[in-house]
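Please open the model in your viewer and keep the selection tool at hand. The stops below take you through it one selection at a time.

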Amino acid sequence: MAKTLELRRALPADAEAVRALTRQAYAKWVPLIGREPKPMQADYDRAVREHRIDLAYRGGVLAGLIETVEQSDHLLIENVAVSPALQGRGIGRALLAHADRLAEALGYGEVRLYTNQRFAENVMLYRRLGYRIDREEGAGTLGTAVHMSKPVRKM
């Protein structure tokens, strides 16, 4: 179960592990959309310095991560990635709940994220977790981005 996860904040030395896990987690989408999704192409050396990336370990093994970015009026979830071998075991849901708690602690009333419209199982998961679709935005050859948000309690 996801409750056995240990979370810690990523350090600059973790950038390669973040990159590797993200590439593994998103690889399944390449055949669906015909290209690498945006998170597979990100500069994680920079992201670890400029964003908050929390790493989730299960049994001492990196199981997943969540990357968040503070915005003026909300917390943006930039990336959620779970090791392919551990997907479907509640780790992603636990990471999203962590983002909710983080947003509350930072005083935000809303969490936002975006995903590719063709990642239907992700859109369904987010909806089950209380996210609503705010808008869909065509991105040319990149497909359609689904922007979603969820209210959280302010502390």
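Start with the aromatic rings: two aromatic pairs are counted, where rings of Phe, Tyr and Trp (its six-membered ring) pair if their centres lie within 6.5 Å, and planes under 30 degrees apart count as stacked, over 60 as edge-to-face and the rest as tilted. Select Trp 29 and Phe 119, which form a stacked pair with 4.1 Å from centre to centre and 20° between the planes. Trp 29 sits in the loop between helix 1 (15-26) and helix 2 (30-33) and Phe 119 in the loop between strand 5 and helix 5, so the pair ties together parts that are 90 residues apart in sequence; helices (H or I, at least four residues) and strands (E, at least two) are DSSP runs, numbered from the N terminus. Trp 29 is buried at a relative accessible area of 8%, and Phe 119 is buried at 3%, where buried means under 20% relative accessible area, exposed over 50% and partly exposed in between (1.4 Å probe, protein chains only).

Before going on, note that this is a predicted model, in which local features need pLDDT of at least 70 and side-chain atom pairs count only at pLDDT 80 or more, while totals for chains, interfaces and linings use all residues. Residues are numbered from 1 along each chain as its sequence is written, and side-chain values use heavy atoms, with hydrogens and water left out.

Next, select helix 5 (120-128), in which Asn 122, Val 123, Leu 125 and Tyr 126 are buried. Looking down the axis of helix 5, you will find its buried residues within an arc of 160° (taken from the directions from the helix axis to the C-beta atoms), so they line one face of the helix.

Which order do the seven strands of the open sheet follow? The order is 1-2-3-4-5-7-6, with mixed pairing, where two strands pair if DSSP finds at least two bridges between them. The edge strands, strand 1 (6-9) and strand 6, each pair on one side only.

Finally, select strand 2 (residues 52-58) and strand 3, which pair in the antiparallel sense over seven bridges, and look for Ala 56, which stands opposite Gly 64 in strand 3.
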